[in-house]
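Please read these points alongside the structure.

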Amino acid sequence: MNKVSKIGFGGGCHWCTEAVFLALNGVEKVEQGFIAVKDGSLDFSEAVIVHYNPTIITLKDLVAIHLDTHKSDKNHSMRNKYRSAIYYFGQEFTPVLRQIVSDKQEEYNNELITTILPFGTFKSSEERFHNYYFSDIKKPFCKTHISPKIKMLKEKYAKHLSSKVK
């Protein structure tokens with residue numbers, strides 16, 4: 001039996017982030033909601049917890065996809081609500097995550113603002129918002145905000161896509 005690992009991601013709307021990761025092979029489950037950091041210095045921000053099988057999709061690929069599917073190099077007025085972050089569940093992941101982000105920086109003209117933070121607490125979003133995209137991809141928000149991210153996944157990360165989006 002393969003071990004399932006988990007990592008938290010925040011950056012944009014959790015409906016969008018959830019859809020991106022649900023579209024990937026090797027992702028077992030995505031919890032959509034709000035994450036606060038361990039020391040409590042930052043308020044809750046929209047985010048997801050991704051449960052994945054590292055023998056099918058690597059942490060490096062998950063981080064790359066995360067950085068490419070939100071404005072990871074742009075600050076804006078909604079950054080408190082949509083913190084650009086990677087939340088780890090074990091301190092041993094910090095140097096690995098820093099290296100992945102550093103390597104990925106080469107692909108960006110602007111400095112990545114994504115922070116690497118210790119996971120603290122999670123609050124689930126309302127059940128009616130779970131699986132938001134795949135429950136009805138024709139909703140206006142899905143068409144304007146999520147479908148372009150799925151399209152980019154098809155173009156850049158096709159080898160990682162599950163059959164539900166091919």
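1. In this predicted model, the side chains of Glu46 and Lys81 form a salt bridge, with N and O 3.6 Å apart. Glu46 belongs to strand E3 (residues 45-52), whereas Lys81 sits in the loop between helix H2 (59-68) and strand E4 (85-88), so the bridge ties together parts that are 35 residues apart in sequence.

2. Glu46 is buried, its relative accessible area being 6%. Lys81 has a relative accessible area of 39% and is partly exposed.

3. A salt bridge also links Lys156 with Asp68, where the closest N and O atoms are 2.9 Å apart. Lys156 is in helix H5 (residues 140-156) and Asp68 in helix H2, so parts 88 residues apart in sequence are tied together by this pair. Lys156 is partly exposed, at 44% relative accessibility. Asp68, with a relative accessible area of 19%, counts as buried because the class takes in values under 20%.

4. An α-helix has 3.6 residues a turn, so residues three or four places apart point the same way. Both Lys151 and Glu155 are exposed.

5. Salt bridges with shared partners connect Asp68, Lys104, Glu107 and Lys156 in one network. The salt bridges in the model number eight.

6. What does the span of H5 show? The helix has 17 residues and, at 1.5 Å a residue, should span 24 Å; the C-alpha atoms at its ends are 24 Å apart, in agreement with that value. The end-to-end figure should be read together with the bend in H5: about 45° at Ile146, with a proline, Pro148, following within four residues.

7. Which residues of H5 are buried? They are Cys142, Ile146, Ile150, Met152 and Leu153. Ile146 is therefore both a buried residue of H5 and the site of its bend, because its relative accessible area is under 20%. The buried residues of H5 pack against helix H1 (14-22), H2 and helix H4 (132-135). H2 is also the helix that holds Asp68, the salt-bridge partner of Lys156.

Note on methods:
Residues are numbered from 1 along each chain as its sequence is written. This is a predicted model: local features need pLDDT of at least 70, side-chain atom pairs count only at pLDDT 80 or more; totals for chains, interfaces and linings use all residues. Side-chain values use heavy atoms; hydrogens and water are left out. A salt bridge is a side-chain nitrogen of Lys or Arg within 4 Å of a carboxyl oxygen of Asp or Glu. Helices (H or I, at least four residues) and strands (E, at least two) are DSSP runs, numbered from the N terminus. Buried means under 20% relative accessible area, exposed over 50%, partly exposed in between (1.4 Å probe, protein chains only). The expected span of a helix is 1.5 Å times one less than its number of residues. The bend at a residue is the angle between axes fitted to the seven residues ending there and the seven starting there. Contact means heavy atoms within 4.5 Å.
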